[in-house]
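Thanks for coming, everyone. I have a handful of local features to walk through.

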Amino acid sequence: MLGYNFFYVIILSLFVTYQALGAVKYSTFDNSTSYHCSPMPEVECKGLLNSHSEGQNQVFTLKRGVDAFTYRVKLIREAKRSIRMQYLIYKNDEAGRFIANLLKQKHDEGVQVTLLVDMLASFGFGVWDFFRDLMRYGIEIASYEEPVTFIINEIFGTNPGGLLHRYHEKIMVGDGEDAEKGVAIMGGLNIANEYFRISKEAIHLWTDMDIGFKGTAVKDAMEMFDRDVNYFRHLTRTGHSQPSGEDIFDDASLITRANKRPASSIEHGTLVDETPKTDLEKMTVEYANLPLSALNLAVYSDAKIRLFQSRPRLKENYIEEVYVNMINESEKEIIIVNAYYIPSNNIKEALRNAAKRGVKIHILTNSYGSTDMGGTITSVSQYYYHSLMSVNFDPMAIWSGGQVRIYEWKGRPIGEGTVHAKWASFDRKQSIIGSYNLAPRSKYFDGESIVAVQSRSMGLELAKFFHEEMLAFDKTKGKFTKSNEISPRQAERFFNN
């Protein structure tokens, strides 16, 4: 027995030494790190952006939906030159109408407003009329097409599988042309009541995460948006033909932001009466007018930042590479909060290897009672728990102290809705916040974006938020308040059912 154990100690020591020697520390923020670029000649590595050094940006997290709404309103109100907004979903509800009204007002002030909205994902009662009203007002929705035209083009355009490829990014930039005053917000929140917690029903009180930043990285967020604008303008002008050889991503004739404001905006659209009448409208106005001091934002200047896009239509997959790199570089702790956890083999194996070398891994995702996507997604997610948690019984993980722990958000039993967040923290030093789900849709079909940050102070904040507020362990009861931890027996039962 002693010899058996000694054998595994030797193997473990060699493995850990190999990992330590082979790892390139913080490779994400090294501009010389190689990535697999797009094989398309008109794309190649153009979607790969450079890293920004410590001290060049101010970074802050928006961990509550209320904070994210208040800060978006502040960004719009203070914009002097331009507002860029890209979202998968923009709903015609209290939050959506309030923001639309602000955009009209800024448009009348001469601010250039451009929207990108995924028309399929935003399909719903009254939404298309809502978008037409914005366009009549002179606000460009670069992705807009009439419903029938849009569906025909997505099905019969020359881009194969158009209906499957959606635009899941969430990017907002104010005055991106101004290096000193520009600000950007990226993350997981769309424009709808549930994201901003404008509701009195638990099912619509979602938990999500955004990141805001000022400084040199804002230009990159603007560049990502403008490249997407170019692509959408190309699609709508050509009936969704597949670009072939032409450089549509830097084409000045497409990217020019001409002001299309009518001579009299009031005659071409409608301004909403801002007087709140319903409880939800009152809640919206209250959140919109909160002072920034009420948000209790912690602003960090010690951050290295790098923005990444993955656009499967253009055969890019940078974000998974970033996740794998950060997992491989972790030594002590990994925290992953992800709405829909169905990991790729690359992610799963990287996590298993991390546990074998002593890393403690925490993963939080949705339960049946909290997911917004129905039981099928949860069942598929639960099926994958066992293949990851089984590493806890591997001798190398046991000897090194590594472990995988998975938690499911309780949701309505604690007065909450879904966890829609997509963020991660590695050794409380590196972090990812963005729109990317650890699921096949994000890898193979959806356009996504993330902000990668190297900051010890922000990493500590995220870890504290996770352990104290998202898990919230009750010492007197000996259990977590806001989530349920999955046991190995449960994971095995999910796998076999």
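Helices (H or I, at least four residues) and strands (E, at least two) are DSSP runs here, numbered from the N terminus. This is a predicted model, so local features need pLDDT of at least 70 and side-chain atom pairs count only at pLDDT 80 or more, while totals for chains, interfaces and linings use all residues. Residues are numbered from 1 along each chain as its sequence is written, and side-chain values use heavy atoms, with hydrogens and water left out.

Start with Thr61. Thr61 sits in strand S1. Is Thr61 buried or exposed? The cut-offs first: buried means under 20% relative accessible area, exposed over 50%, and partly exposed in between, with a 1.4 Å probe and protein chains only. Thr61 has a relative accessible area of 2%, so it is buried.

What does the side chain of Thr61 make polar contacts with? By polar contact I mean a pair of N or O atoms within 3.5 Å; within protein, one must be able to donate a hydrogen and the other to accept it, and residues adjacent in sequence count only if both atoms are side-chain atoms. One partner is the side chain of Lys63, at 3.4 Å. Another is the side chain of Glu461, at 2.9 Å. Now plain contacts, meaning heavy atoms within 4.5 Å. Leaving out residues up to four places away in sequence, Thr61 touches Met209, Asp210, Ile211, Leu297, Ala298, Ile433, Met458, Glu461 and Leu462.

Next, the sheet around S1. Strands of a sheet pair through backbone hydrogen bonds, either parallel or antiparallel. Two strands count as paired if DSSP finds at least two bridges between them. Seven strands make an open sheet here, ordered S1-S7-S6-S5-S2-S3-S4, with mixed pairing. Which strands stand at the edges? They are S1 (57-62) and S4 (140-141); each has a single partner strand, so one side of each is left without a neighbour in the sheet. Elsewhere in the sheet, S2 (residues 82-87) and S3 (residues 112-117) pair in the parallel sense over six bridges. Take Arg84: its bridge partner in S3 is Thr114.

On to helix H5, residues 147-156. Pro147, Phe150, Asn153 and Glu154 are buried there. Viewed down the axis of H5, the buried residues fall within an arc of 135°, so they line one face of the helix. That arc is taken over the directions from the helix axis to the C-beta atoms. As background, an α-helix has 3.6 residues a turn, so residues three or four places apart point the same way. Val148 and Phe156, on the other side of H5, are exposed. And the cover over the buried residues of H5 includes helix H4 (127-136).

Now the cysteines. A disulfide is a pair of cysteine sulfur atoms within 2.5 Å. How many disulfides does that rule give? The count is one. Cys37 is joined to Cys45, S to S 2.0 Å. The torsion about that S-S bond is about 105°, so the disulfide is right-handed. Cys37 is partly exposed, at 22% relative accessibility. Cys45 is partly exposed too, at 39%.

Last, backbone torsions. Arg428 is not a glycine, yet its phi is positive, about 55°. Arg428 is in the loop between strand S12 (422-426) and strand S13 (430-434). At 28% relative accessibility, Arg428 is partly exposed. Ala472 also has a positive phi, about 50°, without being a glycine. Ala472 lies in the loop between helix H17 (456-471) and strand S15 (473-474). With a relative accessible area of 13%, Ala472 is buried.
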